[in-house]
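Colleague: I have this one open on my screen and would like to go through it with you. Could you walk me around, taking one part at a time?

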Amino acid sequence: MAPKKIDIPSGNEKLLALAPQLLELLKGVNQVELENFTMEIGDLELFIPAFGSMPAQGASSAGPATPAPAKPTELFRESYKPLEFTYPGKIREVTLGATRAEGGSRSKTVTIGGATTPAYVDGLHLPPHLPVIALDVFDMNVSLPKVLRENVGDVMEDPAEWAKMNVKKFGADVITIHLMSTDPLFKDASPATAVKTVEEILQAVDVPIIVGGCGDPRKDADVFTAIAEMADGERLLLNSVTLDMAESKTLERVATAARDHDHILLAFTGLELNNAKELNRRLYKFIPPEQIVMDLTTVALGYGLEYSFTIHERARYAALMGDEELAHPVISAATNAWAAREAWMKMPAEYGSRELRGPVWETVNALTLLLAGMDLFLMMHPAAVLTLKDVIHRLGKPGSSKTDRIEDWVSVRL
Amino acid sequence: MSGTDMQVPKRKKSIREISPIDVYKSLPKTNCGECGEANCMAFATRLVNGELVLTDCPPILTDANSKSYAELSILLAPPVHAVQIGTGEYRMTIGGKYVLQRHEFTYHNPTPIALDVYDLMPEAELLERVRHIEEFSYNYIGRKLVLNAIAIRSCSNDSGTFGSAVRKIAEMSHYPLILCALDPEVMAAGLREVGERRPLIYAATKSTWKEMAELSLTYDAPLAVFAPGDLGLLRSLVKTLREYGVTDLVLDPGTFAEEGLSDTISNFTAIRAGACRNFDELFGYPLLGVPLTAWTGDEISEDVLKWREAITASMLLSRYADLLIMHSMDGWVLLPQLIWRFNLYTDPRKPVSVESGVKTFGRPGPDSPVLITTNYALTYFTVESDIKAANLDCYLIVVDTGGLSVESAVAGRYFTADSIANALKSCNVAALVSHTSLIIPGLAARLSGETEESTGWQILVGPKDSSGIPQFLREHWPPDRS
């Protein structure tokens, strides 16, 4: 299938109009009195990997400049020509969702990937497809941080309504339906029930759908296979397939179902590029590489985000240098930011209210990985979503800096 | 990185291409041990790893070795010049970067964050703000994260007012200072007060470079170069100032937090890539980011301004800023920056685990609780700091999971019923306590059944976040034996 370009849904005016909305989002939550909550982390891809210490390095005494005998009286004229870096590799393009003409029922599809340089190294080589945002919907009442829950409280019992609200009110490009109820440790809902839930979501919204499993390699295989068959041709993104599935001998079944019914697989590994490559190699036996997206794991700010950041920088660079086993679009579960206690916990007043700390945590998590080359984000808080969209839009507008705006920042009265 | 360019002056060796032998050749080779290493080769190895600096070798600083010292200084100089602001124990070093991407080596000199004050602030307000800047801190896994410097802005554009404000602040605080005044006369008034403290002079511009250069030379103080949105001008100014004899420069290509964000990110990136990939000397200086400029727009809602400043700061930390000037004092704005800075500047080459075994907290007795966790350093330090904060008496077993957190160790089968049973045995926990109850992390809940079987111990599923341990113990300890 030929990847299609979608319109970026925002002009400058529209974004300016969003500013009051951001204000409202930030302000609206200020007045709510909150109690601590217990977070249901089961469905988040929380992963805490690694840690090191902060080195301090003294200054080198070798200065690059040598004083000239006579002081200049006029400004030297030095030119600047942007460096032109080219790379042999290219990230594959993957299209999520299919229209009726393409064998599905979506009215919008989303294509991700296609990068030919590291993300935002200059304003001239913008990604062919801008990063997109998927908003979460859960198929059962989960305990969420209150700051998140208050935006979705009215629809939490109704996944279809929740999905509609995410698209209409919060501008979701894609919807993720997390089938948490299928977890054998929770409700152990049947594949047939899961199929029904996904059908309802497909009917409720016309954007592409990501289907999230419960993490159990056998149960997910049963659920994904049944859904793949029901939603034949819809190009769902099945989240996710793992090396655990390979070990449980269920990977082939899921991969061939995705191939036969035209869906996309999300290959999930835990911050280990060799594992990511190995999982992809196993998948290549059953499904074309153009139907694979990677999740290398997103860790919360303060709990190892630097490992996510660095592994994505490494993966993207390796892919652009020609490693085809890593040349897949990548996604980030920015929602994992809420696993950090600094995001949800009540703290002394000097650290601000968690109504602002939480959303900013999710936003910083996402923005950091945006700079590492992310193609799709799984998100929850509307203010974080709005900010991501705004920043992605602004990063696509080179040459729009206005010097007079900042040249006198030194004397501005605040 | 492949590619072509027109601006390569000469090829310098990247830190990753320098071998210990390259360094060893120029060392004294006496194996005197004064550096604390076993021999010169060991010193050379740690030097190229960025763990030691050349001045850690006392003999190389003697006159007899001055030629070798000069050679090694050039060989080991980072492509981004290290610049010092302040003096004595309050001195801070910015820049000194060896690589573009963190994983290529490691980043040195964590980005100091300066908060602004201005010369028209009433004295009481000034005092309060300086106190706040100095006192703001956050305890992150046992490390104290703090703000680092004070930027004094001249809003008055009046020499007397600026000089008097600078004097007041210098009396209040030992923190490194950044003097911000675009008029050289006003700057001179500030420098007369604190010139000996080596403040950063902000800034030389297209129209004031000569006067500012003179001030920089007179006071031996580092000089920032401000050329918003114009890298050609920035290079021209740097070239000219170098010729003028100013060695310690800091580059500000302009921070545009809204319109122009694309230019900001690409300019910062172009400068750092030019320095680290192409060894472009005119770009080889620390980068100054000014998220404070988020406040210069038309937006009037303070929360939105703070929000913009927060996200701009975090992006600039990731995109090579070596020094930041900010305005918001709100904890929710600053906390993500302090933590992200700490994380970004950890050494990606260092082991990420702590030693396994049993750790003792407080004065545990035979009835005290026994908890278990993994040896991922951050997991361990988080649990440790929660136990200490609550003054608990308990034992904590640390299982070797290869440096993986609880959740990933469970998923990756490093934290299993068997590994828990082995840890209980190898730590001889049965000899420490008289009960057989073990508290496992909430994120390992699914192991509880199997673990009861493999250990014969009663398994209690603890909280998912270790901040809940004190409450858990209040409610569930001692446990009911069934």
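Colleague: Is strand 3 of chain A enclosed or left open by the rest of the structure?

Modeller: Strand 3 (residues 132-138) of chain A is largely enclosed, because seven of its seven residues are buried. A residue counts as buried here if 20 or more other C-beta atoms lie within 10 Å of its own.

Colleague: Which way do the residues of strand 3 of chain A point?

Modeller: In a regular strand, side chains alternate between the two faces of the sheet. In strand 3 of chain A, A:Val132, A:Ala134, A:Asp136 and A:Phe138 point one way, while A:Ile133, A:Leu135 and A:Val137 point the other way, and all of them are buried.

Colleague: What is the strand order in the open sheet of chain A?

Modeller: The order is 8-7-6-5-4-3-10-9, an open sheet of eight strands with parallel pairing. At the edges stand strand 8 (292-295) and strand 9 (331-333) of chain A, and each has a single partner strand, so one side of each is left without a neighbour in the sheet. On average, neighbouring strands of this sheet are turned by 25° against each other, if direction is ignored.

Colleague: How many bridges join strand 9 of chain A to strand 10 of chain A?

Modeller: Three bridges join them, and the two strands run parallel. In this pairing A:Ala333 stands opposite A:Leu378 of strand 10 of chain A. Helix 7 (residues 251-260) of chain A packs on the sheet, where it touches strand 6 (237-241) and strand 7 (264-268) of chain A, and its direction makes about 165° with that of strand 6 of chain A.

Colleague: Changing topic, how is chain B divided?

Modeller: Chain B has domain 1 (15-76), domain 2 (82-344) and domain 3 (357-476). Between the centres of domain 2 and domain 3 of chain B, taken over C-alpha atoms, there are 45 Å. Chain B contains 16 helices and 17 strands, and buried residues make up 54% of its 482 residues.

Colleague: What about the open sheet in chain B, what order do its strands have?

Modeller: Eight strands lie in the order 10-9-8-7-6-3-12-11 with parallel pairing. The edge strands, each pairing on one side only, are strand 10 (249-252) and strand 11 (288-289) of chain B. Strand 11 of chain B pairs in the parallel sense with strand 12 (residues 323-326) of chain B over two bridges, and there the bridge partner of B:Gly289 is B:Leu324.

Colleague: Could we look at B:Ala417 too, and which helix does it lie in?

Modeller: B:Ala417 lies in helix 14 (residues 417-426) of chain B. It is partly exposed, because 19 other C-beta atoms lie within 10 Å. Leaving aside neighbours within four places in sequence, B:Ala417 is in contact with B:Leu447, B:Glu450, B:Thr451, B:Glu453 and B:Ser454. B:Ala417 and B:Ser454 are 37 residues apart in sequence, yet 6.2 Å apart in space, C-alpha to C-alpha.

Colleague: And where the chains meet, how many residues of chain B are in contact with chain A?

Modeller: 117 residues of chain B are in contact with 95 residues of chain A. On the chain B side, helix 9 of chain B gives the largest share, ten residues. The residues of that side divide into 47 nonpolar, 49 polar and 21 charged.

Colleague: Last one: where in chain B does pLDDT stay under 50?

Modeller: It stays under 50 over residues 1-10 of chain B. Where pLDDT is low, the predicted coordinates should not be read in detail. Chain B averages a pLDDT of 92, with 97% of the residues scoring at least 70, and the model scores ipTM 0.86 and pTM 0.87.

Definitions and conventions. Residues numbered from 1 in each chain as written. Chains lettered and ligands numbered in written order. Predicted model: local features only at pLDDT ≥ 70, side-chain atom pairs only at ≥ 80, totals over all residues. Contact = placed C-beta atoms within 7 Å. Helix = DSSP H or I, 4+ residues; strand = E, 2+ residues; numbered from the N terminus. Nonpolar A, V, L, I, M, F, W, Y, C, P; charged D, E, K, R; others polar. Domains from an automatic or database assignment. Pairing = 2+ DSSP bridges. Buried ≥ 20, exposed ≤ 12 C-beta atoms within 10 Å, placed from the backbone. pLDDT = per-residue confidence, 0-100. Axes fitted to C-alpha atoms, helices over the stretch in contact; angles between N-to-C directions.
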